[in-house]
Amino acid sequence: MVYYILIILTTLSLILLFLYIHRHRHRRLPPGNLGLPFLGETLQLISAYKTHNPEPFIDERVSRFGTIFTTHIFGEPTIFSVEPDFNRFILQNEGKLFESSNPGSVSNLLGKHSLVLMKGSLHKRMHLLTMSFANSAIIRHHLLVDIDRLVRFYLDSWSDRVFLMDEAKKITFALTMKQLMSYDPCEWTESLGKEYLHVIEGFFAIPSPFFSKTYNRAIKARTKVAEALSSVVHERRKKSGVGERINDMLGALLDEEVEGRRLSNEIIVDFLVSLFVGGSETTATCMTLAIKFLTETPLALEQLKVSINFSN
């Protein structure tokens, strides 16, 4: 019985390998290496980004194939470019000669209505809404106050030894919750934050719930996050219907109309998830790096202190 199962599995593997090679053989792609079937070079990229210096993944391939090379990561053939002029050309012609896209694994985690996956008039309208809210008087009047309050709140809970990146993520998640949905830190936001971190881990995992516990956990966490946010959106919509409005991002989304129709709860939830990823994770990384480099450069730290004292 085991013998026949091995034969079937081997045959299926050979068929899938043939289809994989046939699919990519005739494409005119820059030089590079597609790696193993389906896995590609995902494992090498993930391993590199778990070290203190992920650049060798790119540097090694640039030395072998040039500044524009082909690889295969997260289930998709991918072209890497470290050529500034070429990158500028692509960005300037997005929506004209090029169309932005993301691996299917990313779409599953962000949701089909997330800002990075939207296209056309809806993407333009939602992008303008985000920018207008970020530049609004509401943000300007309360943002610095909220930052100061939340940083002090989490600093008071620190022990003698902390992991800076983890603490930065807590602060930025709490600040994002406050700006988007007017929630202060509580047991509910702490629970939501833990699920959100599982979602983030899924972006750097093998994109298969069958072969990756991390990605499987991320998909389940994404469902929990969506359910929690959907409940909040539902309650806020009911209150908005009777004239109770809160001046935050969710309030702006509930008021927004596209082509004469209100945004659905699903669109709002996916949009909020993408804002959490964009507004929280990247900011936490910048905070951590800023503290690292200032600590390693005492002169810059002193200059920053003088500048702050002078401005006050």
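W188 has a relative accessibility of 29%, so this residue counts as partly exposed; buried would be under 20% relative accessible area and exposed over 50%, with partly exposed in between, using a 1.4 Å probe and protein chains only. Before I go on, a note on the source: this is a predicted model, where local features need pLDDT of at least 70, side-chain atom pairs count only at pLDDT 80 or more, and totals for chains, interfaces and linings use all residues. Residues are numbered from 1 along each chain as its sequence is written, and side-chain values use heavy atoms, with hydrogens and water left out.

Y183 is also at 29% relative accessibility, so Y183 counts as partly exposed.

Now the rings. A pair of aromatic rings is described by the distance of the centres and the angle of the planes. Rings of Phe, Tyr and Trp (its six-membered ring) pair if their centres lie within 6.5 Å; planes under 30 degrees apart are stacked, over 60 edge-to-face, and the rest tilted. The structure has seven aromatic pairs. For Y183 and W188, the ring centres are 4.8 Å apart and the planes at 35°, so this pair is tilted. Elsewhere, F57, F69 and F80 are linked into a cluster by ring pairs.

Next, the helices, which are DSSP runs (H or I, at least four residues) numbered from the N terminus. Which residues of α8 and α9 make the contact? First, the geometry. Helix α8, residues 164-181, packs against helix α9, residues 187-202, at about 115°, with the axes 11 Å apart. Axes are lines fitted to C-alpha atoms over the stretch in contact, and angles run from 0 to 180 degrees between N-to-C directions. The contact, meaning heavy atoms within 4.5 Å, is made by K169, F173, M177 and M181 of α8 with W188, T189, L192, G193, Y196 and L197 of α9.

Terms used
Helices (H or I, at least four residues) and strands (E, at least two) are DSSP runs, numbered from the N terminus.
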